[in-house]
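Please work through the exercises below with the sequence and the model side by side. Try each task on your own before you read its solution.

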Amino acid sequence: MVFLLNAKPVQKPDPKIDVIHYEFNININDSSNIIYCTTITDIAIKVAVNSVSFSLGNKGPDGKGMTISAVLFNGKEIRWTHTGNILTLTDANTAEPAQARITIRYSGIPADGLIISKNKFGNRTFFADHWPDRASAYLPVVDHPSDKATVDFIITAPSHYEVVASGYLVEESDIPGGLKLTHWKEDVPLPVKVMTFAAADFATKLAGTVNGIPVWTWVYPENREEGFYDYSVAVKPLEFYSSLIGPYSYEKLANVQSKTIFGGLENAGCIFYSENSVTGQGKAENLIAHEVAHQWFGNSVTERDWPHIWLSEGFATYLTSVYNEKLHGSETLAESMKSARTRVLRASERSPRPVIDTAFTSLMALLNVNSYQKGAWVLHMLRYEIGDELFWKGMRNFYERFRNGNAVTDDFRKTMEEVSGRDLKGFFNQWLWVAGEPDLKINLVPGKKKGTSDILVEQVQGELFTFNIEILIKDQGAEKIVTVPVKDRITSFNVKASPGSEIIPDPHTKLLFRRVEK
Ligand SMILES: [Zn+2]
């Protein structure tokens, strides 16, 4: 189902305009799924334009979609068209760099992006679930991660709803008609994919405070006890990543039980978890650690374009493993990298594609083993390549430099090159731009000199890789590890060991490779 919805073309931002701020005024009710909206959008016009466009779902044959009643450009009615899910202001003639304010009034039943349904307890709920470009089904936006903007959510709802959103709470007022107005404001620019709000019956509790950042739990009242217990663990990864990477970028962190279509969705400062994540048995810690990591990578430092999504998912995956390494020791990290490696090798056998995949067919298809597990492996190998200290220094620098902005893989590479004083073009190229990984034949044969052996490493895959591989040698009860530098088709490495020794390649799980038959 999801894939059908996303079979639409991916929006490219218009380089002539930059959205600065969205104000979403959204009225929801209990008698129908029609929402009534006014959005006020501030844009910077960088180059003279004749027209300005936003994505917004049209009303379709199923009655779902949005119908526009008015569009104002700097306070004046303007001509517009709305077809093919694109709203175009046709007379937005602006001759020079300028700012403009665009007001759009519309209503309709969201076909996607805002999930209006009943939760597992039969209560009516609203969850804005935007990732990757589903917001534009009901909000007029530039639905691309490169165009980040600040945002206000001003939600008018029947007064029994509790409303939470990205940002900090500005107002919560009862208003005539049995309604409540709730206003959340985010002063930090966000990509549309992780802007969010939710309206439901919620129980809320402060789980803790980290460096002055309140961490709140929002769960269904029926799950109050279990949810407060399960989600309170979010304090730990927030603390850990803050000290490891740098300051958290948002005003609060809310962890919300939700109807997201994903297991978890990293919405900025307002993370959604699937409703069944609440068990009362503390089983959501890894999921929470992953989504919290996204607050740094994905939300604050955002990939400038979709093929660089590993900067979000690979980073969150690796940081979750590092969080577990911190809690449970290095053996835990090795175990998680081992199982990630198994998944990467299996996936690349099925369909070998590079991590940075410019030929992706749908945005949902980018949620794959390459973006997550292989992305994590790239960071893991880079950590050994340049050493722990420089690696974490580089991660901190990368965050600091691109915080609340956008980056591509080359930005990360250059940051790591500066920190390490190394040319890392080859490393980044072979692991991210080339499909597959080294397929290695590794054997021990008698050396020319008595009492020695040669470790033979043959790369049998197409394109040659350059890397170091550790080999553990077990020679008559004695053990040692040697590091073999590999760059050619066949590498021969002489060691003091009897030819009958046992060899175990990569004993500490530092290399992404496949061992092929002897
Ligand atoms: Zn993720």
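**Exercise 1: Two crossing helices**

The crossing of H5 and H7 is right-handed, a term used when the near helix is turned clockwise from the far one by less than a right angle. This is a predicted model, in which local features need pLDDT of at least 70 and side-chain atom pairs count only at pLDDT 80 or more, while totals for chains, interfaces and linings use all residues. Residues are numbered from 1 along each chain as its sequence is written, and side-chain values use heavy atoms, with hydrogens and water left out.

Task: Find at what angle the axes of H5 and H7 cross, and which residues meet.

Solution: Begin with the axes, which are lines fitted to C-alpha atoms over the stretch in contact, with angles from 0 to 180 degrees between N-to-C directions. The axes of H5 and helix H7 (residues 369-386) come within 7 Å and cross at roughly 65°. Helices here are DSSP runs (H or I, at least four residues), and strands are runs of E with at least two, numbered from the N terminus. Next, look for contacts, meaning heavy atoms within 4.5 Å: the residues of H5 that meet H7 include Trp 310, Glu 313 and Tyr 318, and among their counterparts in H7 are Tyr 372, Leu 379 and Arg 383.

**Exercise 2: The zinc ion**

Task: Identify the protein donors of the zinc ion and describe how they are spaced in sequence.

Solution: First, search for donors (N, O and S atoms within 2.8 Å of the metal, or 3.2 Å for Na, K and Ca; water is not among the atoms, so sites may look incomplete). The search gives His 290 (NE2), His 294 (NE2) and Glu 313 (OE), lying 2.0 Å from the ion. Their spacing in sequence is H-x3-H-x18-E. Because His 294 belongs to helix H4 (residues 285-294) and Glu 313 to helix H5 (residues 310-328), this pair ties together parts that are 19 residues apart in sequence. Finally, consider accessibility, where buried means under 20% relative accessible area, exposed over 50%, and partly exposed in between (1.4 Å probe, protein chains only). His 294 counts as buried at 0%, and Glu 313 counts as buried at 2%.

**Exercise 3: A residue in a loop**

Task: Locate Asn 299 and decide whether it is buried or exposed.

Solution: Asn 299 is found in the loop between H4 and strand S21 (301-303), and with 0% relative accessibility Asn 299 counts as buried. Leaving aside neighbours within four places in sequence, Asn 299 is in contact with residues including Lys 148, Tyr 250 and His 294.
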